[in-house]
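These are my notebook entries on one structure. I set down what I looked up, item by item.

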Amino acid sequence: MRLKDKVTIVTGGAQGLGRAMAERFAEEGAKVVALDMKEAEFDHEAIESRVLDVTDVDACKAVVDSILESYGKIDVLVNNAGITQDAMTKKMTDEQWDKVLNVNLKGVFNLTRHVGPRMEKDGGGAILNISSVVGEYGNIGQANYAASKAGLLGLSKTWAKEFARKGTPVRVNAIAPGYIMTDILKTVPQDLLDKFAGMTMLKRLGEPREIADTAVFLASDEASYITGQTISVNGGMRL
Ligand SMILES: NC(=O)c1ccc[n+]([C@@H]2O[C@H](COP(=O)([O-])OP(=O)(O)OC[C@H]3O[C@@H](n4cnc5c(N)ncnc54)[C@H](O)[C@@H]3O)[C@@H](O)[C@H]2O)c1
């Protein structure tokens, strides 16, 4: 029960890494609100599912207000919702660029602009931004995605300073996963996935649970002196 009664928002919580984190947080005693464009059902009674498009500026403000009304506080925010729309730079459309930046980067701003100051007012909290190995090292055909995920690293460091500037323990960290088997990889050909696995020191792709375990640690009081950091969870990979 490392997160007992911690009110936690997980965006993109319907499936993949977000779902793994929502379930893992609930196992540790958190009260979880899983936000996603898609409706989702959970077996765990401590997980509530709500529909939210993180690009909808007004809906983000409304959902934060509504969660505060229901739960009285927000202890943890996991900004996990993300998409890919890959193309080589010379072929990338404005729509592909805008869509990925709008969900992956602006979507994180849309929620955190309300949650971060509230955590500061309430005396503390933890914010996790789910970046990527691609944000750390870049990747061919993913200019939009790499820019969005690198942007999250700058945002995390900025918010780690901004929300704690008066000494309030609001901690902001980024997790940079390597390649983890979820739907986001379903368009990646198997030979490329095998190649990515071979590029790790551990010679395999990651499991959603391994990201969720890292998130639990960073959200918990065990990580009370860790802020403004990027934790790479990638089996020892460099792209
Ligand atoms: N799986 C990996 O290998 C990997 C690696 C590095 C980083 N990541 C990052 O981890 C996060 C989760 O990825 P995943 O692998 O679970 O992907 P996924 O596609 O399985 O899940 C993403 C979830 O986000 C939701 N979502 C998409 N757009 C949204 C929006 N506008 N508003 C609300 N919800 C929205 C989707 O409905 C989906 O449930 C993403 O930010 C992704 O970039 C994943």
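In which sense do β2 and β3 pair, and over how many bridges? I found that β2 and β3 pair in the parallel sense, over five bridges. I note at the start that the model is predicted.

**Entry 1: the sheet**

I looked up the whole sheet next. It is an open sheet of seven strands, and their order is β3-β2-β1-β4-β5-β6-β7. The pairing is parallel. At the edges stand β3 (47–51) and β7 (230–233), each of which pairs on one side only.

**Entry 2: strand β2 and its partners**

I then followed β2 (residues 31–36). With β1 (residues 7–11) it pairs in the parallel sense over five bridges. Two positions illustrate this pairing: T8 stands opposite V32 in β2, and the bridge partner of T11 in β2 is L35.

I took a residue as buried if 20 or more other C-beta atoms lie within 10 Å of its own. K31, V33 and L35 point one way from β2, while V32, A34 and D36 point the other way, and all are buried. The general rule is that in a regular strand the side chains alternate between the two faces of the sheet.

**Entry 3: strand β1**

I asked how many residues of β1 are buried. Five of the five are, so β1 is likewise largely enclosed by the rest of the structure. Both of its faces are covered, with V7, I9 and T11 buried on one side and T8 and V10 buried on the other. I also looked up the pairing of β1 with β4, which is parallel and runs over three bridges. Here V10 stands opposite V78 in β4.

**Entry 4: helices by the sheet**

I looked up how β1 is linked to β2. Together with helix α1 (residues 16–27), the two strands make a right-handed β-α-β unit.

Helix α2 (residues 57–71) packs on the sheet and touches β1, β2 and β3. Its direction makes about 160° with that of β2. Helix α3 (residues 94–122) lies across β1, β4 (76–79), β5 (125–130) and β6 (170–177). The angle of α3 to β4 is about 165°.

Helix α5 (residues 143–162) has 20 residues. From its first C-alpha to its last it reaches 28 Å, close to the 28 Å expected at 1.5 Å a residue. I noted its buried residues, among them Y145, L152, L155 and W159. What covers the buried residues of α5 includes α3, β5, α4 (133–137) and β6.

**Entry 5: the ligand**

Which residues are closest to the ligand? I counted 29 residues around it, and the closest are G12, G16, G82, T182 and I184. Helices α1 and α3 each supply at least two residues of this shell. The most comes from α1, with three residues.

**Entry 6: single residues**

I looked up S49, whose place is in strand β3. S49 counts as partly exposed because it has 18 C-beta neighbours inside 10 Å. Not counting residues up to four places away in sequence, S49 touches A34, E39, A40, E41 and F42. I also compared S49 with T200, which is 151 residues apart from it along the chain; their C-alpha atoms are separated by 35 Å.

Last, I looked up backbone angles. Most residues other than glycine have a negative phi. D5 is not a glycine, yet its phi is positive, about 65°. D5 has its place in the segment before β1, and it counts as exposed because it has 12 C-beta neighbours inside 10 Å. K203, also not a glycine, has a positive phi of about 60°. I found K203 in the loop between α6 (190–198) and α7 (208–219). With 10 C-beta neighbours inside 10 Å, K203 counts as exposed.

Notes:
Residues numbered from 1 in each chain as written. Predicted model: local features only at pLDDT ≥ 70, side-chain atom pairs only at ≥ 80, totals over all residues. Pairing = 2+ DSSP bridges. Helix = DSSP H or I, 4+ residues; strand = E, 2+ residues; numbered from the N terminus. Contact = placed C-beta atoms within 7 Å. Axes fitted to C-alpha atoms, helices over the stretch in contact; angles between N-to-C directions. Expected span 1.5 Å × (residues − 1). Right-handed = clockwise from strand over helix to strand, strands pointing away. Near = placed C-beta within 6 Å.
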